[in-house]
Amino acid sequence: MRLRIHSTLTYTYTEPVRSRVQVRLAPAATARQLVLAHPLSVEPGGFSLTYDDYWSTRVTEIEVAEEHTRFSVSMLSDVNVTGGPFRPLAADFGRVEAAGVEDSFYEFLRPGALTTPGEETRELAVELRSAATSPAELVDSLSKELPSQGSDDELTHLAIGALRSVGVPSRFVSGYRAPFWDFEQGTATAGVITSWLDYWDGAWHGWDPTALQAVGERHVIIGWGRERTDCPPLRGIYTGGGEAEYGSEVLVTRLN
């Protein structure tokens, strides 16, 4: 599926400020995503620097020296997305339990501030792990048994924490999600910047705990990390008085 994604994020300030922001909006170039265009538009403009961070997420840092009461960043991206999976799902836990996995995937097995599960969640994960025959089966059963209320990020963090607690490497994925219903080709409709997880069974596989399904052609990856704090769409600091208000809009157009 070919999608056009137009995302706009804004900070509105109650008093004039000078600001510096980090932007993570560009779709990642991966085996399942061919990124055709992603120009970045910023108002007001300033000094900028673009690089890939530790997690291979594309980051643009922007420093605005002139005083302003509104900062807006917009990106237009055309992306060809293939649903996958590109590699077969593992039939058992053999690769997960192999020697060296704990060291190699330490960062994606260690609980963090947002991914430390409670005792009840850990007990549920242990119970389901003993009944599951493969990581894919465990991910599916966990998603159905874990609480379904909360934001997408909260559900993703909860599932990641549960999987890590039983030794399955899991990472946070930030991305765009197009509507699941069949929207008309050529017509823009509302999308979201959201999150899901990747779990490792010898290869990485995407799973959306909010939608209770494997990641497909309506999911567009922006970046990865241990949790949301590693890949926020927009992070900033400012000098000046007053308060800041954040807003976002994502429009998705199906091109074919």
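Four residues, the largest share of the lining of the largest pocket, come from β9. Strands such as this one are DSSP runs of E of at least two residues, and helices are runs of H or I of at least four, both numbered from the N terminus. The model is a predicted one: local features need pLDDT of at least 70, side-chain atom pairs count only at pLDDT 80 or more, and totals for chains, interfaces and linings use all residues. Residues are numbered from 1 along each chain as its sequence is written, and side-chain values use heavy atoms, with hydrogens and water left out.

The largest pocket has a volume of about 590 Å³. A pocket is an open set of points on a 1 Å grid over the protein atoms alone, where a 1.4 Å probe fits, with protein on both sides within 12 Å along at least five of seven lines; lining residues have an atom within 4 Å of a point. Points are joined across faces, edges and corners, and the volume is the space filled by probe spheres set on them. The lining of the largest pocket comprises 24 residues. Nearest its centre lie Arg 32, Phe 86, Trp 204, His 205 and Gly 206. At least two lining residues come from each of β6 (170-177), β8 (192-200), β9 (204-208) and β11 (219-225). The lining has 15 nonpolar, five polar and four charged residues. Here Ala, Val, Leu, Ile, Met, Phe, Trp, Tyr, Cys and Pro count as nonpolar, Asp, Glu, Lys and Arg as charged, and the others, Gly among them, as polar.

The second largest pocket has a volume of about 160 Å³. Its lining includes Ala 26, Pro 27, His 38, Asp 52, Ser 56, Arg 58, Ile 222 and Trp 224. Seven of the lining residues are nonpolar, three polar and two charged. Ser 56 has a phi near 75°, a positive value in a residue other than glycine. Ser 56 sits in the loop between β4 and β5 (58-81). A cis peptide bond joins Glu 43 and Pro 44, with omega about -5°. Pro 44 belongs to the loop between β3 (40-43) and β4 (47-52). Most residues other than glycine have a negative phi, and most peptide bonds are trans.

Helix packing was examined next. The axes of α2 (residues 119-131) and α4 (residues 152-165) come within 9 Å and cross at roughly 55°. Axes are lines fitted to C-alpha atoms, for helices over the stretch in contact, and angles run from 0 to 180 degrees between N-to-C directions. The two helices are therefore oblique to each other; angles under 35 degrees count as roughly parallel, over 145 as roughly antiparallel, 65 to 115 as roughly perpendicular and the rest as oblique. Thr 121, Arg 122 and Ala 125 of α2 meet Leu 158, Ala 162 and Ser 165 of α4, contact being heavy atoms within 4.5 Å. These contact residues are three nonpolar, two polar and one charged.

The axes of α2 and α3 (residues 135-145) also come within 9 Å, crossing at roughly 140°. That makes α2 oblique to α3. Contact residues include Leu 124, Leu 128 and Arg 129 of α2, and Glu 137, Leu 138 and Leu 142 of α3. By class, this contact has six nonpolar, one polar and three charged residues.
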